[in-house]
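This report walks through one protein chain, from its overall form down to single residues. Look at the sequence and the 3D structure before reading on.

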Amino acid sequence: MNVCCSSGDLGNAREVFDEMRKRGVQPNVVSFGTLINGLCANGGLDEAFRMKKIMERDFKMKGNAFVYVALIKGVCKVDDLNAAVKLKDEMLRKKVELDSAVYSTLISAYFRVGRKDEVYGLLNEMEKNGCKCDTVTFNALMHGYCQEKDFDSAFRVLDEMEVKGCKPDVISCNVIIRGLCNDGKLREASELLDDMPRRRCKPDVVSYRIYFDGLCKAMKFKEAAVILHEMIFKGYVPRDTSLNELFHGLIQEGDRESLMRALDNMASVNCISKEVWGMMISMMCQQDNLSNAYGLVGMLLME
């Protein structure tokens, strides 16, 4: 069932569930949870709630946190926050232990639908119910603030994590870097990227790709070429789409020095796409530099 649900094959998942019953294998809360989670993830909310009802009414089983989190994520995905809150309240009423996943999902949904003022109420409720904020909760808060372009609050949350003894992970910083880049605040994004080691959080390939994408989107191709060199040195490679943007931008700007440095960097790891080769050959031909164009063709044939 889990394999079927993971691949979105709900028909076969249901058949396996029905076959269990036909063969006299009693489903347990894990069986129901697996199917409910698959249904919620693939838009089958009505049937997921029907399965929950069958589990409770016919099998006298109480849903666990996994079942409720799946349903809460499902209704939050369609922005039905009232249903999500009802499920959370039902967990409290039935004494199902709430975990941070429930509150993190609700926090993200509240920000998404413009109800951020209610988030602090959720945080207070978390504390009251003995559910400690973890990295996932803080990341949800920072993501919400970045969506609102309230970067001061996002940085306050990042600092608060360390004060409360919750070590930020690379996702914590990447969330803010992405938000800053999306808003064109590239200097601030660069400063956070540089500050990550001080926060005991090593930038990963995603960190660099987000910043590189932001530079290319802002047409800061010279700066992107510098970051490309740093990425290659660390063993990271940008996305092909952004690389194509970089080379196209450098060609358009006529920045031959940065262009050749970027080409050398990518050649050093044998990661130059056919699109980039095509752009380079076309540029050489347009400049009547046929000897260099033939050389590039020769290099391409050896790839």
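## Terms and overall form

Helices here are DSSP runs of H or I with at least four residues, numbered from the N terminus. The model is a predicted one.

By that count the protein chain has 18 helices and 0 strands. The C-alpha trace spans about 80 × 50 × 30 Å along its principal axes. The radius of gyration of the protein chain is 26 Å, while a compact globule of 303 residues would have one near 19 Å. Of the 303 residues, 47% count as buried. Among contacts between residues at least 6 apart in sequence, 57% join residues at least 24 apart.

## Helix α8 and its two faces

Helix α8 covers residues 119-128, and its buried residues are V119, L122, L123 and M126. These residues cover an arc of only 100° around the axis, so they sit on the same side of α8. The exposed residues N124 and K128 are on the face turned away from that buried side.

What lies over the buried residues of α8? The cover includes α7 (100-112) and α9 (135-147). After α8 comes G130, a residue with a positive phi, near 70°.

## The pair α10 and α11

Two packed helices are described by the angle between their axes and the distance between the axes. For helix α10 (residues 151-163) and helix α11 (residues 170-182), the angle is about 170° and the axes are 11 Å apart. Angles over 145 degrees count as roughly antiparallel, and α10 and α11 are therefore roughly antiparallel to each other.

Which residues make the contact? From α10 they are F151, A154, F155, L158 and M161, and from α11 they are S172, C173, I176, G179 and L180. Sorted by class, the contact of α10 with α11 has 8 nonpolar residues, 2 polar residues and no charged residues.

C5 is part of helix α1, which runs over residues 2-6. Is C5 buried or exposed? Its relative accessibility is 8%, so C5 counts as buried; the cut-off for buried is under 20%.

Leaving aside residues up to four places away in sequence, C5 touches L10, A13, T34, L35, G38 and N42. C5 and N37 are 32 residues apart along the chain, and their C-alpha atoms are separated by 8.0 Å.

## Two loop residues with positive phi

K95 is a residue other than glycine with a positive phi, near 60°. Where is K95 placed? K95 lies in the loop between α6 (81-93) and α7. With 70% relative accessibility, K95 counts as exposed, because the cut-off for exposed is over 50%.

M219 is not a glycine either, and its phi is positive, about 60°. The loop that holds M219 runs between α13 (205-217) and α14 (221-234). M219 has a relative accessible area of 57%, so this residue is exposed.

## Summary

The chain is described by 18 helices and 0 strands. In α8, V119, L122, L123 and M126 are buried, whereas N124 and K128 are exposed. The helices α10 and α11 are roughly antiparallel. C5 counts as buried, while K95 counts as exposed and M219 is exposed.

Conventions
Residues numbered from 1 in each chain as written. Predicted model: local features only at pLDDT ≥ 70, side-chain atom pairs only at ≥ 80, totals over all residues. Heavy atoms only, no water. Buried < 20%, exposed > 50% of the residue type's maximum accessible area, 1.4 Å probe, protein only. Arc of directions from axis to C-beta. Contact = heavy atoms within 4.5 Å. Axes fitted to C-alpha atoms, helices over the stretch in contact; angles between N-to-C directions. Parallel < 35°, antiparallel > 145°, perpendicular 65-115°, else oblique. Nonpolar A, V, L, I, M, F, W, Y, C, P; charged D, E, K, R; others polar. Rg over C-alpha atoms; globule rule 2.2 N^0.38 Å.
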